[in-house]
Amino acid sequence: MMKDLTRYRNIGIFAHVDAGKTTTTERILKLTGKIHKIGEVHEGAATTDFMDQEKERGITIQSAATTCFWNEHQLNIIDTPGHVDFTIEVYRSLKVLDGGIGVFCGSGGVEPQSETNWRYANDSKVARLIYVNKLDRTGGDFYKVVAQVEKILGAKPLVMVLPIGIEDDFLGVVDLITRKAWTWDNSGDPLSYTIGDVPEDMKEKVESYREHLIETAVEQDDAVMERYLEGTEPTPEELKQCIRKGTRDLKFFPTYCGSSFKNKGVQLVLDAVVDYLPNPMEVNPQPEVDLEGNATGEFAAVDPDRPLRALAFKIMDDRYGSLTFTRLYSGTLSKGDTVLNTATGKTERISRMVEMHANTREEIESAQAGDIIAIVGMKNVRTGHTICDPKNPATLEPMVFPEPVISIAIKPKVKGAEEKMGAALTKMVQEDPSFHMMTDEESGQTILKGMGELHLDIKVDILKRTHGVEVEVGKPQVAYRESITKTLEDEYTHKKQSGGSGQYAKIGYILEPGEPGTGFIFESKVTGGSVPREYWPAVEKGFESSIDKGVLAGFPCLDLKFTLLEGGFHPVDSSAMAFEIAAKAAYRQTMPKAGPQLLEPIMKVDVFTPDDYMGDVIGDLNRRRGTIESQESSSVGVRIKADMPLSEMFGYIGDLRNMTSGRGQFSMSFSHYAACPSNIAEAVIKESKEKAAA
């Protein structure tokens with residue numbers, strides 16, 4: 001039986017930490033009949049947060065996909081994390097969504113992190129509704145948040161409802177299209193509401209906002225607009241169609257308000273999901289690429305009759321085994337099918353598929369384009385891999401993940417727990433592509449690499465709770481790099497005569513700094529065969545294999561260009577091996593003379609602070625060697641954008657909170673590498689030499 005895809009909504013709920021996103025998800029699940037007792041996040045009982053850390057920290061770390069139903073429509077809800085170190089999760093989830101709900105706190109408003117997530121959603125062209133939550137809170141102000149959305153996010157909110165009362169007196173909302181007031185009693189039951197007339201003292205405001213709503217909406221349809229200008233008001237149905245079109249084209253964002261905690265206002269948001277957010281067939285289809293990563297010009301159109309195309313966007317382990325959350329873009333998938341993973345070139349058989357509801361599941365026999373499901377027990381699939389029809393392969397545009405910039409060394413507290421720790425980490429790396437693990441060959445230590453302090457902090461926590469491995473953690477290490485500043489021409493001869501066949505290779509070359517971001521470039525300008533062509537790859541390999549360890553402090557080298565000019569060879573004693581050894585020795589000989597320098601990662605940092613603390617915050621950023629790029633004042637405080645060396649950012653969140661009485665927020669992302677000041681470079685080099693000696 002083919003499902004009616006127009007009745008599908010794949011949506012994500014994203015927000016700043018503490019805007020009440022998880023509570024909102026809870027309420028939606030309650031209203032859609034999936035849970036009977038409502039879980040409170042602050043009691044640590046929320047349904048979509050089923051990892052211990054989430055219950056304890058009250059933050060959602062893993063995005064879980066949940067299916068529920070409203071007005072005969074199937075909603076697949078992806079709960080996305082709001083915390084900065086998990087934006088990779090948000091980004092990953094956005095890739096598989098068709099629409100979203102941006103939740104903002106009625107008193108906190110638009111905070112730096114909401115902006116990052118909003119920007120990601122803009123990049124991914126996801127249509128959204130806006131829901132201003134927590135209007136029952138002290139300081140809740142719907143109109144202030146709407147103004148901030150315009151000013152800070154540069155977005156166009158289309159106000160659909162107005163709040164009745166505020167803070168403790170918040171009773172409900174007026175629906176501007178129908179001119180009806182929805183009011184809830186204080187029993188906390190979302191179903192005990194009445195629909196009545198607009199309160200007298202609000203009539204004027206309702207009419208003025210309603211007029212603005214209609215004027216904005218009719219711009220989406222020339223015929224409706226002409227009739228409106230001639231004095232005929234559009235019918236509610238026509239209005240809805242106009243709003244649906246404008247929402248889908250990202251012209252505006254229908255804006256609602258309420259209090260999820262008090263269960264007021266959530267129904268109207270659910271109605272809006274059905275009325276205004278796109279179904280899977282209304283979204284731009286995913287571009288396909290061939291196995292080399294070049295665009296084929298084909299798109300995975302949402303159509304059950306086309307070949308299978310699906311994207312694995314999340315991998316989780318739970319007590320039943322490994323779950324691969326998958327979005328089907330085209331085709332159908334049934335139990336027992338064999339699918340191809342284009343990233344590994346391997347095929348796998350689908351043994352079990354489930355539809356998830358937070359942490360319970362329903363076994364399903366088949367799924368089709370538009371569905372979001374979890375496949376149980378896949379072996380080789382990682383986040384971002386495409387699974388497709390083996391007879392008709394293609395890859396969906398793969399997700400790109402940034403390189404980690406911070407690392408810590410860990411070792412188990414208990415002797416002999418290395419194996420258990422290794423197995424746990426391997427699983428965790430599969431689940432999170434922005435988290436890497438390696439073994440330091442010299443010290444034998446296990447090194448974890450991630451996107452920020454909190455990211456690694458939580459990984460250590462997961463090791464302890466989920467996998468029962470307690471570890472000792474070394475202090476965070478910055479991923480420094482090295483480069484050179486001078487261009488040098490040099491030569492090297494490798495000669496070895498000692499019984500048996502000898503070795504001989506001679507190379508003349510230029511070593512120069514490359515353009516930023518180019519990595520290692522090898523070029524040969526040899527003419528006349530002084531180094532035979534078959535040995536060029538050996539020279540390239542010898543040099544390239546050396547750049548992983550810089551000459552200053554052993555950090556990998558960036559942006560070098562090596563040009564082979566000439567050389568010499570011996571008809572018997574020369575070999576690829578001899579030329580590779582010569583290139584390695586040339587690296588050791590020439591790099592120290594080419595003005596080597598240490599580079600440090602610079603982060604784009606976005607800090608929000610209330611006005612009163614601005615001087616302190618800027619002074620502190622300057623002390624941390626930051627360069628302030630811009631400052632923007634808003635009604636709630638100042639946003640400061642700066643470039644900061646990562647090494648100065650350790651412990652920053654604590655310091656910022658102390659400076660701003662807990663009200664400051666920040667987010668950061670990797671920007672580029674830049675030369676380290678000499679005093680800092682000296683300290684880093686000294687430390688690395690001491691480590692090597694130890």
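Biologist: What percentage of the 694 residues in the protein chain do buried residues make up?
Modeller: This is a predicted model, and its protein chain has 694 residues. A residue counts as buried when its relative accessible area is under 20%. The share of buried residues in the chain is 53%.

Biologist: How many helices and how many strands are there in the protein chain?
Modeller: The protein chain contains both kinds of element. The counts are 16 helices and 38 strands.

Biologist: Of the contacts with a separation of 6 or more, what percentage do residues 24 or more positions apart account for?
Modeller: A contact requires heavy atoms within 4.5 Å. Among contacts in the protein chain with a separation of 6 or more, residues 24 or more positions apart account for 71%.

Biologist: Is Val-274 buried or exposed?
Modeller: Val-274 is found in helix H9, which covers residues 266–276. The cut-off for a buried residue is under 20% relative accessible area. Because the relative accessible area of Val-274 is 9%, Val-274 is buried.

Biologist: Which residue forms a salt bridge with Glu-72?
Modeller: Side chains of opposite charge can pair when their charged atoms come close. In the salt bridge of Glu-72, the closest N and O atoms are 4.0 Å apart. The pair links distant parts of the chain, with Glu-72 in the loop between strand S2 (65–70) and strand S3 (73–79) and its partner in the segment before strand S1 (8–15). That partner is Arg-7.

Biologist: Which residue forms a salt bridge with Asp-197?
Modeller: The closest N and O atoms of this pair are 3.7 Å apart. Asp-197 counts as exposed, at 63% relative accessibility. The partner of Asp-197 in the salt bridge is Lys-180.

Biologist: Which residue meets Lys-411 in a salt bridge?
Modeller: The two side chains come to 3.7 Å, N to O. The pair links distant parts of the chain, with Lys-411 in strand S25 (residues 406–412) and its partner in strand S28 (residues 471–473), 61 residues apart. The partner of Lys-411 is Glu-472.

Biologist: How many salt bridges does a search of the whole structure find?
Modeller: The pairs discussed above include Glu-72 with Arg-7 and Asp-197 with Lys-180. A search of the whole structure finds 26 salt bridges.

Biologist: In what order do the 4 strands form an open sheet?
Modeller: Strands of a sheet pair through backbone hydrogen bonds, either parallel or antiparallel. In this open sheet the pairing is mixed, and the order is S31-S32-S34-S33.

Biologist: Which are the edge strands of this sheet?
Modeller: An edge strand here pairs on one side only. The twist of the sheet averages 25° from one strand to the next. The edge strands are S31 and S33 (520–524).

Biologist: In which sense do S32 and S34 pair?
Modeller: S32 and S34 pair over 8 bridges. As one example of bridge partners, Lys-506 has Gly-568, in S34. The sense of the pairing between S32 and S34 is antiparallel.

Biologist: At about what angle to S32 does H13 run?
Modeller: The buried residues of H13, among them Phe-579 and Tyr-587, pack against strand S31 (488–496), strand S32 (503–513), helix H12 (536–546) and strand S34 (560–568). H13 lies across S31, S32 and S34, and its angle to S32 is about 40°.

Conventions
Residues numbered from 1 in each chain as written. Predicted model: local features only at pLDDT ≥ 70, side-chain atom pairs only at ≥ 80, totals over all residues. Heavy atoms only, no water. Helix = DSSP H or I, 4+ residues; strand = E, 2+ residues; numbered from the N terminus. Buried < 20%, exposed > 50% of the residue type's maximum accessible area, 1.4 Å probe, protein only. Pairing = 2+ DSSP bridges. Axes fitted to C-alpha atoms, helices over the stretch in contact; angles between N-to-C directions.
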